Amino acid sequence: MKKHILFFAAVILFVSSSFAQNNNYETTMAKNLELMRSGKTAEELQQAANGFERIATAEQKEWLPLYYATLTYINISAKEKDESKKDQYLDKGQEHLNKALKLVPKESELHVLQGYVHLARINVSPIARGMKYSGMATKAFEKAKTLNPENPRVYFMLANTKYNTPKMFGGGPEAAKPYLDQAKEKFDVFKPASAIAPNWGKSQTEAMLANYN
Amino acid sequence: MKKISTSITIFFCLVPLLVLAQKQYTITGQVLDTKGQPVIGANVFIKDSYDGTSSGTDGSFTFTTAATGAQTVAASSLGYESQEQSINISATGEAKVYFKLKEKLSQLTAVTITAGAFEAGDEKRSTILSSLDIATTAGATADIYGAINTLPGAQRVGEEGKLFVRGGDSYETKTFIDGLLVQKPYNSSVPDLPARGRFSPFMFSGTTFSSGGYSAEYGQALSSALLLKTNGLPEKTETGISIMSVGVGASHTQRWENTSLALTADYSNMAPYVGLVKQNIDWKRAPESKGGSIVLRHKTSETGMLKAYSSYAGSRLALSQATPEGTANAVALDNRNFFSNITYQDLLTEKWTLHTGISYMHNADDIKVDEQNIAEQDNTVQAKATLEHQLADPLWLKFGSELTLRRYEQQYQQNANAQSITSDFDETLTATFAEADWYLSNNLVARAGVRAEYSALLEKANIAPRLSLAYKTDEHGQISAAFGQFYQLPEAQFLKINDELTYENATHYILNYQRQQDKRTFRAEVYYKKYNHLTKYNPELPRLPVSYSNSGSGYAQGIDLFWRDRKSIKNGDYWISYSLLDTRRNYRDYPQQAIPAFASKHNLALVYKHFVPDMKTQFGATYSFASGRPYNDPNQDGFNQSRTPNYNDLSLNVSYLTNIRGNFTVLYLSATNLLGSNQVFGYRYTSNPDETGTYNSMQVGPPAKRFLFAGLFINFGGQSIHH
């Protein structure tokens, strides 16, 4: 009997501590997400990125910390003015993204993010890089679409790519509209897999759609 | 039993409390760089835990952890090497950790050698011009060499159209595509008709124009190397057609996952144009050319790339060329050119990169001058292999060998009945080079290299050391210096008569300052170049080997200035180049040391580009000025004693971007010498004086006062360009 009880206790101890650990993962992630969302300056965003990096090193099997680290570096890059530094931040983001892609190569969200990194590269030198990177981005979004046609961010990002492409190359607001409509449709039924799973783009889609009226 | 279950319950309730009640320890410290400056925003954390923080504006940090005992604290920050430290967290007192992070060597932020080199590319930070800049420079009419002519160090020589760099003749500049020599980079031409480059600027994603002091990887160029890097895999399948005032062209690119194949064909004929626009030349047959190319790209692996390019072009022209004697020569040219360039590169291991390639060029010119027939065939094969190795983090090695085989043959016939005289040579040039780039820090780099060559034709070897240094003075500015020895075989026209000559030689000394900040670039460069062993000959006896020697010499010195500003004017972009040149030489048939006929003391180029988004139109203007060039007036004492008038040119271009039925289309218009300035390149004198004892002259100028060009370029295949 005593043996049983000890075993039972051990199980409880194990379960509850791993629960605590797991709980800790989600709460720390949530805390960092809050930091990322509220971050206004590059410094604040760097703190969020650092947080995600810490979680990523501790949780080698999770792709979400890497995902958000990349996303945060894209945002830092957008705030940076120096062209070469913009690229350095994106390089750092790409590094994390590559690790995430090794963990879950078929995750649609990661391919959306890959396309996003490519689009961000264009801002460094639109005339010189536009053609190359918008092609690469579109490819990544198409890949994300094949992996999960229900991912609303695929359509949101495709809409963005179209929107920012000059009219003479087949882009512009009119060309982006069908993608925005599709994005809206998908966002309306989209349920994130967890509280910390990717769940952005809906409000931006609605804001862009509002401009058409 | 009851007792036990109670204790279990108590235990069960306590577990979360135990977790929560763990004692927190404080860890404080500071992150500095090796210079003692704070590193802001560094990530500091206990390894394999969530515990950590970011360093503040003074580099300091404080965070708490529940971990105890021996732990590893790590600090990392963008641009620095990460660092780890072991600490022991004991129950008493707080732990203090201090980091001194070393700057990471990074190609993006590290100093680059800029002495002598102008880079144009699409990716790199040090880029001063992009490939598009080259294509859209007014006055250049999408000719690479025309655009490079607006950079400091290059000299406007209107009747040649070639690159003359820093007091060097055009043969002293060599063009390399993906590291391999292009023996004839210009279209064939006849005297006084400017040549154009053979290759479209759109073929290349990177261009480095080196006006001196370049790497030991390149040889056989006394003055300058133009390094062209071809595009990688094209983005997508597409078809293009072009309709121009001087011809038509078509291209198709097919793209597969790892492979692409592109075909181009073009035909040009100046006949309709010269019929419409008044010419200074009496054309008998306006220039006509047809050509095509095949371009293959194949990604052999994640890191490997195979590139193959082949092109063929045939061109013809005929004119009646006036002579100062008042007569006219019937001149005709027929050229056929085949060129092929195949390269392969791959990473062998993480630290070893292999570049290999082979190129072949066959060029045949048939020239008729009245009764005389001159046929020239030039065949060159070059094979090259280069290895790059990262020996240590800051030390890069590059070494390789190349083999160049050349067969040159010329047949000369005084008239159809005369016996043909053949002059020819075969050359086997072997070269090997090694070079090391040593980054002493992110701010200081030294490059030392040496190149050794052996010519089987001359039966002579040469060893050329090259040395460059660059030091970053602050975030935006840097100083570079370069020194180097450069050797080149005498030109084919001399080697075909006498193969016992020796290498011509030049020594370069260059000091450069460059500042790049906020889309503005300033460059200043001073140089001194010493020439030795230039080829000389006796013009009275040009067919006798003994009249040739390497007794020529010369020097060139000057200042090159460059300023580019892409910031001050919204949608506007301009650059200004100025070169001051002092040069003299005694070469070829010069009776004494003199300023060569191609050299002007002052060269100025002002290039402006303006994009008007509402009109989807880019306007471009280029103003060029060159002070008068020397020419020899036999009616006066001395040699090259006279000066032509100053050269002025204002050229404009307009590109209108639109789409025709959803296909991206560019309408392009350009005009040179808009103001109609009288451009004089020199004078040609009669060989004998008239009865009054004077040599009569005629002016050498451009083929027409202005050149107007219109073209429509349509791309099918829905290209997407992100703005």
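Let me start with one pair of residues: Arg285(B) stands opposite Ala318(B) in E19(B). Before going on, a word on the model: it is predicted, so local features need pLDDT of at least 70 and side-chain atom pairs count only at pLDDT 80 or more, while totals for chains, interfaces and linings use all residues. Residues are numbered from 1 along each chain as its sequence is written, and chains are lettered from A and ligands numbered from 1 in the order in which they are written.

Back to that pair, then. Strand E18 of chain B covers residues 282-299, strand E19 of chain B covers residues 305-322, and the two run antiparallel, paired over 15 bridges. By pairing I mean that DSSP finds at least two bridges between two strands. Strands here are DSSP runs of E with at least two residues, helices are runs of H or I with at least four, and both are numbered from the N terminus. Between E18(B) and E19(B) sits a hairpin of 5 residues.

Which strand does E19(B) pair with over 18 bridges? That is strand E20 of chain B, residues 328-349, again in the antiparallel sense. Here Ser311(B) has Phe339(B), in E20(B), as its bridge partner. The hairpin of E19(B) and E20(B) also has 5 residues between the strands, and in it Gly326(B) takes a positive phi near 95 degrees.

Now let's zoom out to the whole of chain B. How many helices and strands does chain B have? There are 5 helices and 40 strands. Along its principal axes, the C-alpha trace of chain B spans about 135 × 60 × 45 Å. The domain assignment, automatic or from a database, gives domain 1 as 21-101 and domain 2 as 117-459 + 469-716. The C-alpha centres of these two domains of chain B are 57 Å apart.

Chain A, friends, is another story.

Finally, burial and contacts. A residue is buried with 20 or more other C-beta atoms within 10 Å of its own, exposed with 12 or fewer, and partly exposed in between, with C-beta atoms placed from the backbone. On that count, 45% of the 213 residues in chain A are buried, and for chain B the figure is 38% of 723 residues. Two residues are in contact if their C-beta atoms, placed from the backbone, lie within 7 Å. Taking contacts with a separation of 6 or more, residues 24 or more positions apart account for 56% in chain A and 60% in chain B.
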